[in-house]
Amino acid sequence: LKYRVVLTGERCKGKITGIEEQRGGYAVGGVAVKKRAYLVKISGKQYYTAHGCLFASVGRKKVGKEIWVYRNETYGREVFQCRDVRIEALSLILFSAAVFCFSYA
């Protein structure tokens, strides 16, 4: 749901400066879930990605690279990646389901 709001945000180019492990903001079985977020520097300010990297070893290879993100100040220091494989996969699934429904209707 956050993606629908943040798409109206400012599109920025930032540089990945590191990876930080932090609380995910929710708990499973009473245990706080941790996530790894990319630290992104945009014009002197430090931000972190709302959806980080799954594997730290793969994420460390991206440190120093530039990344396109959506920045919406209502979310504070969070930025949202412009291209996220999960969102693209979800869009493909929904599109396929729509085509399937219309073809059999």
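Across the protein, pLDDT averages 77, and 76% of the residues score at least 70. Helix H1 (residues 2-6) has the lowest confidence, with a mean of 50, while strand E3 (residues 45-49) has the highest, at 87. Where pLDDT is low, predicted coordinates should not be read in detail.

With that caution in place, the overall layout can be described. Three helices and five strands are found in the protein. Read from the N terminus, the order of these elements is α-β-β-β-α-β-β-α. Of the 105 residues, 29% are buried. Among contacts with a separation of 6 or more, 57% are accounted for by residues 24 or more positions apart.

Lys-15 sits in strand E1, which spans residues 10-28. Leaving aside residues up to four places away in sequence, Lys-15 touches Leu-39, Val-40 and Lys-41, together with Gly-64, Lys-65 and Glu-66.

Ala-50 is placed between E3 and helix H2 (56-60). With a relative accessible area of 10%, Ala-50 counts as buried, because this value is under 20%. Its contacts, again not counting residues up to four places away in sequence, are with Lys-35, Glu-78, Val-79 and Phe-80. A further pairing involves Arg-77: Ala-50 and Arg-77 are 27 residues apart along the chain, and their C-alpha atoms are separated by 9.0 Å.

A disulfide is a covalent bond between the sulfur atoms of two cysteines. Searching the whole structure returns zero disulfides. Cys-12 has a relative accessibility of 7% and so counts as buried, whereas Cys-101 is exposed, at a relative accessible area of 52%. The cut-offs explain these two assignments: the value for Cys-12 falls under 20%, and the value for Cys-101 is over 50%.

Key: Residues numbered from 1 in each chain as written. Predicted model: local features only at pLDDT ≥ 70, side-chain atom pairs only at ≥ 80, totals over all residues. Heavy atoms only, no water. Helix = DSSP H or I, 4+ residues; strand = E, 2+ residues; numbered from the N terminus. Buried < 20%, exposed > 50% of the residue type's maximum accessible area, 1.4 Å probe, protein only. Contact = heavy atoms within 4.5 Å. pLDDT = per-residue confidence, 0-100. Disulfide = S-S within 2.5 Å.
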